[in-house]
Number of protein chains: 2
Amino acid sequence: MTGTVGGRRRRQRSTRQGGLVRDQLAAGEGFRSAQTVFAELRAKGEEVGLSTVYRHLQVLADEGQADTLQTGDGEALYRLCGTDGKHHHHLVCRNCGRTVEIEGRGVERWASQLAEEHGFSDVNHTIELLGLCSDCSQTRPRD
Amino acid sequence: MTGTVGGRRRRQRSTRQGGLVRDQLAAGEGFRSAQTVFAELRAKGEEVGLSTVYRHLQVLADEGQADTLQTGDGEALYRLCGTDGKHHHHLVCRNCGRTVEIEGRGVERWASQLAEEHGFSDVNHTIELLGLCSDCSQTRPRD
DNA sequence: TACTCTGTTGGTAATCATTATCAGGCCGGT
DNA sequence: ACCGGCCTGATAATGATTACCAACAGAGTA
């Protein structure tokens with residue numbers, strides 16, 4: 001919350017670990033937690049520290065190279081995204097993590113109009129859609 | 001998540017503590033955390049256990065009598081809501097907690113259409129709008 | 001009203017993700 | 001090759017939430 005708003009990104013050295021985290025995130029498709037990425041790397045025999053994974057995921061998120069979303073139980077999920085910087089939302093499969101990126105132009109408009117209407121300013125919104133993708137809904141019709 | 005789907009609510013005794021939590025939640029206006037409600041009650045000299053506060057807040061949420069929302073840092077906030085059961089969203093002041101309830105009919109439609117379009121089913125959505133209300137934006141023009 | 005049955009309470013320990021700490025290591029420019 | 005400073009990572013700390021479980025208290029009953 002007390003973010004580094006200064007815009008000037010301190011020179012980020014390129015390190016083995018930084019690459020690992022980024023690559024691992026790139027390898028998968030859906031959103032994954034820091035813990036998961038850490039476990040995956042360790043499973044591959046890579047030597048990385050948990051702190052370092054957290055650090056790099058945060059950097060990626062800060063730089064807008066990764067999207068984040070919160071699971072209801074206080075866990076942060078990360079995912080590399082192509083449209084960097086561009087604001088967008090996600091339609092995520094709650095079973096397999098498959099994700100569709102969505103540009104909600106209409107929703108943006110709705111949100112800001114609503115904000116103005118009620119005298120609110122500096123409004124940011126969180127919109128996440130969680131469901132079952134076509135594959136998963138066939139496999140498991142009900143829980 | 002492993003909810004009691006059975007529909008039949010087991011007989012819920014009315015207890016002093018249950019009333020306290022509910023009243024305390026009703027007393028305030030904005031969203032508050034379990035910890036906060038607990039602290040408030042203790043500050044008033046009421047004898048309640050932390051576990052009990054958590055328990056009752058969850059019950060209220062389950063019954064649809066209270067709305068919940070997650071702060072980015074893994075904390076759950078609760079608030080009594082009038083339109084019980086009815087699905088809606090919130091425009092919350094990030095400074096004072098003042099809240100406006102919103103019915104996003106259009107957004108609902110947008111969401112379900114989008115879901116269908118991508119073959120997703122059983123989609124639920126999370127939409128929260130965080131901003132500064134008119135009072136707070138005057139008081140603190142910038143951070 | 002006294003009794004009993006069963007859901008409720010609440011202090012405490014456990015869980016779990018995330019962050020802070022800090023000594024030692026590596027990157028990059030000189 | 002040398003050096004300064006950022007990066008790393010094991011570990012401890014934090015903080016919210018949940019699990020446990022023995023003692024307690026509604027509410028119906030005799």
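**Close-up 1. B:Arg98 and B:Asp135 form a salt bridge in chain B of this predicted model.** Their closest N and O atoms are 3.9 Å apart. The pair links distant parts of the chain, 37 residues apart. B:Arg98 sits in the loop between β4 (89–93) and β5. B:Asp135 belongs to helix α5 (residues 134–139). B:Arg98 is partly exposed, at 32% relative accessible area. B:Asp135 also counts as partly exposed, at 48%.

**Close-up 2. B:Glu101 pairs with B:Arg79 in a salt bridge.** The closest N and O atoms lie 3.0 Å apart. B:Glu101 is in strand β5 (residues 99–102) and B:Arg79 in strand β3 (residues 75–80), so the pair ties together parts of chain B that are 22 residues apart in sequence. B:Arg79 has a relative accessible area of 12%, so this residue is classed as buried, the cut-off being under 20%. B:Glu101 is partly exposed, with 31%.

**Close-up 3. In chain A, A:Glu101 forms a salt bridge with A:Arg79.** The closest N and O atoms are 3.0 Å apart. Strand β5 (residues 99–102) holds A:Glu101 and strand β3 (residues 75–80) holds A:Arg79, so the bridge joins parts of chain A that are 22 residues apart in sequence. A:Glu101 is partly exposed, at 28% relative accessible area. A:Arg79 counts as buried, at 12% relative accessibility.

**Close-up 4. Salt bridges across the whole structure.** Over all chains, the structure holds 8 salt bridges. Among them are A:Glu101 with A:Arg79, B:Glu101 with B:Arg79, and B:Arg98 with B:Asp135. Side chains of opposite charge can pair when their charged atoms come close.

Technical notes. Residues are numbered from 1 along each chain as its sequence is written. Chains are lettered from A and ligands numbered from 1 in the order in which they are written. This is a predicted model: local features need pLDDT of at least 70, side-chain atom pairs count only at pLDDT 80 or more; totals for chains, interfaces and linings use all residues. Side-chain values use heavy atoms; hydrogens and water are left out. A salt bridge is a side-chain nitrogen of Lys or Arg within 4 Å of a carboxyl oxygen of Asp or Glu. Helices (H or I, at least four residues) and strands (E, at least two) are DSSP runs, numbered from the N terminus. Buried means under 20% relative accessible area, exposed over 50%, partly exposed in between (1.4 Å probe, protein chains only).
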